[in-house]
Amino acid sequence: MSQEPVITVKDLTVALPRGADREHAVEGVSLSLAPGEVLCVVGESGSGKSVTANAMMGLLPKEVRPVAGTIEMDGRNLLTLSEREWQDLRGSDIAMIFQEPMTALNPLQRIGDQIAEVFEAHGALSSKERQAKALSLIEEVGLPDPEKAVRAYPFELSGGQRQRAMIAMALALEPKLLIADEPTTALDVTTQAQILELMADLRRRRGMAILFITHDFGVVAEIGDRVVVMRYGEVVEQGTVGDVLGRPTHPYTQRLIAAVPPLTPPPPRNRNDDAPILTVEGLNKTFRSGGGLFSKARVVKAVTDVTFKIGRGETLGIVGESGSGKSTAGRCIVRLLDPDSGAIDLLGEDWSAKSGAALRQARKRVQMIFQDPYASLNPRRKVASILTEGPVANGVAREKALARAQELIGLVGLDPSALDRFPHEFSGGQRQRIGIARALAMDPEVLVADEAVSALDVSVQAQVLELLADIRDRFHLALIFITHDLCVAAQICDRIAVMRRGEIVEMGPTEAVFGNPQHSYTQALLGAVPGWGENSPLAEGRRVAGAAS
Amino acid sequence: MTKSKDFWRRYSRNRGAVVGLGLIWVVILVALLAPLLYPDSPWRMVQRPFLPPFAVDGFWFGTDTLGRDIGSGLAHGARVSLVIGLVSTVVALLIGVPIGAAAGYFGGRWDDALMRFTEFFQTIPSFALAIVLVAILEPSLGSIVLAIAIVGWPPVARLVRGEFLSLRSREYVQAAVLSGQTSGAIIFKQILPNTLSPVIVLASLMVATAILLESSLSFLGLGDPNVMSWGYMIGAARTVLRQAWWMSVFPGLAILLTVLALNLIGEGLNDALNPRLAREGR
Amino acid sequence: MGIAGYILARIFKACLVLLAIAVLNFILIHAAPGDPAAVMAGEAGAADEIFIQQLREKFGLDQPFHVQLGRYMAGILSFDLGFSYRQEMPVADLILDRLPATLLLTGTAFFISIILGVLMGALAAVRVGRWADSVITTLALIFYATPLFWIALMSILLFSVTLGWLPAYGMETIGADYTGLQAAGDVARHLVLPALTLGLFFMAVYARMTRASMLETAGLDFVKTARAKGLAEGPILRRHILRNAILPVVTLAGLQAGQIVGGAILTETVFAWPGIGRLMFDALLQRDYNLLLGVFLVSSALVLLFNLITDLIYLVVDPRISLTK
């Protein structure tokens with residue numbers, strides 16, 4: 001490194017309060033950033049990456065405190081600063097943006113005022129100049145209609161726009177270092193691409209160093225110069241992005257990179273084309289909300305004219321961004337929602353026309369696997385009852401249901417003793433396995449997986465995907481796989497349907513959709529996925545890691 | 001077993017809650033032992049009127065305008081307060097829980113209609129309604145319990161509705177729907193058990209509110225004329241405030257301590273039952 | 001739709017609720033014990049059967065239920081709340097005569113309690129875990145548990161009987177015949193004890209709520225953003241935490257309006273404050289059901305008025321309301 005680093009973290013150790021699951025949140029972490037450099041800190045949940053970032057900003061919660069090491073900037077050790085000195089430093093020398101743009105802005109204050117407040121906090125400019133500066137910053141980060149955006153409240157902006165506003169705020173005093181804590185995790189993939197582009201552009205123009213916290217190796221490959229890999233609060237490997245991602249040396253990094261799903265689908269499977277088991281035709285669903293004597297009802301067309309077929313043993317992926325209607329379509333298919341119109345034909349039976357007791361009795365044929373492993377299991381019931389109450393409600397004898405539960409819990413890779421325990425005793429991935437066993441206990445013919453691996457860490461994600469593919473083949477199930485993540489979809493789906501604003505814009509075999517997308521939206525979507533462009537080190541890294549492990 | 005131990009550990013971390021529990025045991029004990037401590041009717045004249053506290057042995061709390069023992073009134077009044085507090089809370093729960101559950105579970109028009117109904121009852125000034133109801137039904141233990149329950153159920157309905165509404169869309173409930181369970185099974189097995197914690201906390205606070213309300217009613221002369229109650233004692237003392245402070249001070253302290261104890265217990269229950277919601281503020 | 005529409009919708013809704021309360025009121029009058037005609041005849045001193053029958057016809061008491069209801073509702077719309085035979089005056093006149101005193105009392109108590117309550121709660125939240133917090137939380141807990149009427153009696157005992165600082169009964173010094181500023185000062189002196197007594201309980205409610213709400217808001221993401229800007233604790237507290245934390249308190253204040261009006265019954269009774277609460281107590285003693293239910297209806301209307309005020313406050317503090325719908 002030729003230049004003097006902007007900031008240097010040396011042997012930082014941060015203690016957790018007593019009674020936490022480990023003693024230190026972060027132990028012996030060292031890293032530094034050169035001017036204009038983007039350093040990515042990557043790791044799974046609980047790796048200590050966010051704690052490191054917050055320590056550098058002096059924003060740790062009271063009960064979590066640094067106990068050893070130094071954070072050096074401009075010849076000062078930041079860990080010795082008083083609260084006053086921190087206030088002077090924050091916003092002017094180091095700025096920070098966060099993961100959740102929806103909650104990171106004060107809902108009761110105008111965007112322009114929130115930006116102007118940065119100047120005010122540091123006693124810069126007159127109040128008129130502050131407003132003018134806020135406007136030019138809003139222009140710089142590319143918010144549409146800047147004049148209006150200055151006077152807007154956060155609830156009037158979309159998630160991506162709010163993140164832009166956050167960035168504008170962070171740029172206000174031209175800090176030397178920007179800390180970005182998972183800034184694009186909550187955003188759709190196309191919005192993410194725009195924000196990443198904005199950040200790369202600002203770095204180029206302003207020469208600002210960026211510490212970028214993320215869990216996504218694709219993002220690292222896209223934006224990072226160097227990368228630090230963390231696990232359990234320790235740095236396991238660091239180096240240039242090309243080195244670490246392309247030639248990972250630490251076994252943990254290798255395992256992580258091997259688990260990252262690539263954007264290219266594996267070669268298509270040889271399947272006999274069965275007759276379709278489920279046929280959906282002209283499905284429509286509209287939501288109405290509010291509306292009364294003095295206000296108009298809001299009408300949202302969530303699903304418009306959706307049509308597709310799926311056969312036994314086949315996986316159909318439904319991909320799209322938030323608001324595309326993919327989840328609503330899934331919920332109509334399992335009949336958690338009643339479609340407004342359209343036919344759903346399940347092996348010759350009109351599934352959409354059933355209601356009441358007839359629907360209840362037929363429900364076992366179509367089951368769902370949910371997104372949130374923490375909300376999908378009743379916290380007050382043991383796993384045994386979670387797995388048996390469905391079959392029992394359908395007239396299966398209790399002993400038989402229990403025997404089956406024992407069989408299934410083994411099948412999804414858990415110990416039979418799991419049956420005697422409550423959901424909170426399991427990890428996220430284990431809970432997702434229980435959710436899969438619960439669906440299988442009903443002996444379904446069609447399985448709808450709604451973002452079933454989205455909440456899981458990447459290594460767990462790969463295992464659960466494998467399990468899903470395995471049970472699909474073993475039970476010859478039709479699997480409808482709903483996801484926002486194109487890479488994940490590429491790995492498991494035989495065919496892909498791309499949805500936008502309630503409509504399927506493109507549908508076809510996975511290798512065709514990924515290899516030769518027809519619709520401009522599909523092209524944009526694929527182009528927005530970070531990290532898999534030309535010369536991406538990730539592809540090379542996967543080969544190296546795959547060979548090593 | 002570990003669960004109840006866990007519960008007690010979290011509860012007892014709140015020192016106020018432990019004090020509250022101790023206080024309420026004292027009140028319960030006094031209520032239970034009232035017939036033994038003061039076998040005479042609290043309405044009987046036992047000493048000369050206007051006897052100040054500690055003036056005569058055995059009459060530590062003094063006597064009232066008619067020479068009735070204040071101590072006896074306090075002990076017997078404890079029974080009325082506790083019984084009315086508990087029974088009216090149970091009745092309010094019996095009204096509020098089904099209404100809230102139905103509104104939250106079935107949603108849509110049911111929700112609209114039931115919540116309008118609930119809001120209506122919440123708009124009416126509850127104390128005024130309680131007065132009118134007791135006055136029209138003639139004061140008795142039954143009418144007082146009914147009046148308190150009628151003004152007390154709306155918060156229960158709102159709470160239960162909110163819980164049902166959020167749990168209804170929780171994924172494990174949707175999984176139960178997909179597994180073909182009936183609405184009844186889903187309500188009673190999947191949702192209701194998960195709403196219990198906040199309802200229990202609210203119920204403990206409602207007992208406190210009910211005791212306050214009962215005392216206010218009997219203060220205004222709307223108590224059951226056949227039973228001695230703390231509110232009645234203060235009401236009777238009002239006109240002789242200048243001559244006999246003890247007549248109103250002791251029953252007032254009794255109400256204060258009982259209600260305080262119940263509120264403290266409510267906070268402790270909240271800490272113990274909703275550990276995630278318990279705020280750091282200690 | 002905009003602000004005017006929002007306010008119109010609120011007023012419209014309040015009117016509907018008021019009508020529903022009037023219907024409930026009518027049903028309660030019917031449920032009241034005793035035959036009103038017999039009562040009236042008794043008042044008039046002539047209790048023979050023919051006279052009672054004449055009275056029934058005259059007042060339409062022999063008409064079917066829905067006709068009587070219609071007549072009652074028509075009366076309400078022209079502010080005719082019936083006749084008090086004990087006081088020999090129309091109920092509406094009696095109430096109108098007493099209403100200003102109650103408005104003064106409840107309004108003062110409402111504003112004292114919300115302003116002081118929020119200040120106390122905010123102070124406790126800022127000093128969380130320290131002695132100021134302990135004192136405020138303990139006091140709030142105690143006042144939250146104390147019966148209103150007992151506080152009233154104890155404050156009379158302390159401030160009037162023992163210390164002699166403030167008058168204990170009534171709204172003005174009888175026979176003093178003050179005018180102008182002197183009269184206002186006299187009323188103010190009489191107002192202190194009742195308003196404080198009534199406000200104390202609600203102050204405790206709002207203080208507890210504000211404290212809890214502020215502690216919760218302090219943990220939200222945008223507060224961290226404010227800190228990341230380098231803002232000092234003072235502005236963070238005022239602009240970010242307090243402003244957001246106050247919203248649920250305002251909602252609660254709206255819900256509590258009914259309690260304040262109810263509390264006025266007790267306060268006015270103890271302090272002999274000449275408002276409609278005291279009127280209700282008198283009606284209760286005399287079993288004057290027409291008057292009792294008239295006061296009930298008017299106090300419900302008062303609650304609706306308070307609710308409307310809190311809706312307006314909400315409009316000022318939360319931009320989302322006027323801008324979305």
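**Helix packing, a chain contact and an all-helix chain**

In this predicted model, the axes of α10(C) and helix α11 (residues 276-285) of chain C come within 7 Å and cross at roughly 80 degrees. Because angles of 65 to 115 degrees count as roughly perpendicular, α10(C) is described as roughly perpendicular to α11(C).

**Where α10(C) meets α11(C)**
- From α10(C), the residues C:Ala264, C:Ile265, C:Thr267, C:Glu268 and C:Thr269 take part, and they meet C:Gly277, C:Arg278, C:Met280 and C:Phe281 of α11(C).
- Sorted by class, the contact of α10(C) with α11(C) has four nonpolar, three polar and two charged residues.

**Where chain C touches chain A**
- On the side of chain C there are 24 residues in contact with 29 residues of chain A.
- At least two residues of that side of chain C come from each of α1 (2-31), α9 (221-228), α10 (233-271) and α13 (319-324), and α9(C) gives the most, with six residues.
- By class, the side of chain C that touches chain A has ten nonpolar, five polar and nine charged residues.

**Chain B as a whole**
- The secondary structure of chain B consists of ten helices and zero strands, and its C-alpha atoms fill a box of roughly 75 × 45 × 30 Å, taken along the principal axes.
- Of the 282 residues of chain B, 51% count as buried.
- Among the contacts in chain B between residues at least 6 apart in sequence, 68% join residues at least 24 apart.

Conventions
Residues are numbered from 1 along each chain as its sequence is written. Chains are lettered from A and ligands numbered from 1 in the order in which they are written. This is a predicted model: local features need pLDDT of at least 70, side-chain atom pairs count only at pLDDT 80 or more; totals for chains, interfaces and linings use all residues. Two residues are in contact if their C-beta atoms, placed from the backbone, lie within 7 Å. Helices (H or I, at least four residues) and strands (E, at least two) are DSSP runs, numbered from the N terminus. Ala, Val, Leu, Ile, Met, Phe, Trp, Tyr, Cys and Pro count as nonpolar, Asp, Glu, Lys and Arg as charged, and the others, Gly among them, as polar. Axes are lines fitted to C-alpha atoms, for helices over the stretch in contact, and angles run from 0 to 180 degrees between N-to-C directions. Angles under 35 degrees count as roughly parallel, over 145 as roughly antiparallel, 65 to 115 as roughly perpendicular and the rest as oblique. A residue is buried if 20 or more other C-beta atoms lie within 10 Å of its own, exposed if 12 or fewer, and partly exposed in between; C-beta atoms are placed from the backbone.
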